[in-house]
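These notebook entries record what I looked up in one structure. The sequence and the model come first, and my entries follow.

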Amino acid sequence: MRDIVIASDGDEPGAALLNDLSLHLGKGRCRYVQYRHGTKDLNDLLLGYGQAAVVEAINGAPHVHVAGLFRMSKYAPTPMPTAMACRFDFLTDNYRIRLGDFVVATGVPGMGKTTFVNDLVVRMAENYGLSTCFASFEQHPLIDHRRSLRRLYAH
């Protein structure tokens, strides 16, 4: 899909036209011409500054603002989270844990999901000092998880 450059007048009716056109054509693909001081359209720009200024205005036209859409370059740089080994030999090459990740363990009932997660959080606590928040919908955290965690931690 190609961009559409809208060169409406740089006054209030031109702004209304820009808004209406960009809504109908799709804001995500529309750009708009910004004029130099003292000009309100491409003709004024051509007469006052020449053909090169018109080409520059069209080529440099910014995108119409789309609410909630931002360029990656506008975000402050953030450090990459450290991936920590989960301390399971059979997963070392394929699975790492990062702070802030949301992990869902799913599968057939009785296949060991809770045991695996309990074992994993104990290993992460022992090796990295991490705390865990449980959202267990089948077991009571103070009864079932506490018993399992104590058993795993005391191994």
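**Entry 1**

I looked up E56 and found it exposed, with a relative accessible area of 53%; exposed means over 50%, buried under 20% and partly exposed in between, with a 1.4 Å probe and protein chains only. I placed E56 in helix 3, where helices are DSSP runs of H or I of at least four residues, strands are E runs of at least two, and both are numbered from the N terminus.

I noted that this is a predicted model, in which local features need pLDDT of at least 70 and side-chain atom pairs count only at pLDDT 80 or more, while totals for chains, interfaces and linings use all residues. Residues are numbered from 1 along each chain as its sequence is written, and side-chain values use heavy atoms, with hydrogens and water left out.

I then turned to R87, which is 31 residues from E56 along the chain, with 57 Å between the two C-alpha atoms. R87 lies in the loop that runs between strand 3 (83-85) and strand 4 (96-98). I recorded a positive phi of about 70 degrees for R87, although it is not a glycine. R87 is partly exposed, at a relative accessible area of 38%.

**Entry 2: helix 2 against helix 3**

At what angle do helix 2 and helix 3 pack? I read about 135 degrees between helix 2 (residues 42-49) and helix 3 (residues 51-59), with the axes 7 Å apart. The axes are lines fitted to C-alpha atoms, for helices over the stretch in contact, and angles run from 0 to 180 degrees between N-to-C directions. Helix 2 is therefore oblique to helix 3; under 35 degrees counts as roughly parallel, over 145 as roughly antiparallel, 65 to 115 as roughly perpendicular and the rest as oblique.

I listed the residues in contact, which means heavy atoms within 4.5 Å: helix 2 gives L42, L45, L46 and Y49, and helix 3 gives Q51, A53, V54, A57 and I58. I sorted these residues into 8 nonpolar, 1 polar and no charged. Here Ala, Val, Leu, Ile, Met, Phe, Trp, Tyr, Cys and Pro count as nonpolar, Asp, Glu, Lys and Arg as charged, and the others, Gly among them, as polar.

**Entry 3: nonpolar cores**

Which residues form the largest nonpolar core? I found 7 residues: M84, C86, F88, L91, I97, L120 and M124. Such a core is a set of buried Ala, Val, Leu, Ile, Met, Phe, Trp, Tyr and Cys residues joined through side-chain atoms within 4.5 Å. Apart from this core lies another, of 6 residues, including V33, L45, V54 and A57.

I followed M84, which sits in strand 3 and is buried, at 11% relative accessible area. Beyond its neighbours within four places in sequence, M84 is in contact with R96, I97, R98, L99, M124, Y128 and L130.

**Entry 4: cysteines and S8**

C86 is buried, at 0% relative accessibility, and C30 is buried with a relative accessible area of 0%. My search of the whole structure gave 0 disulfides, a disulfide being a pair of cysteine sulfur atoms within 2.5 Å.

Finally, I found S8 in the loop between strand 1 (4-6) and helix 1 (12-25). S8 is buried, with a relative accessible area of 10%.
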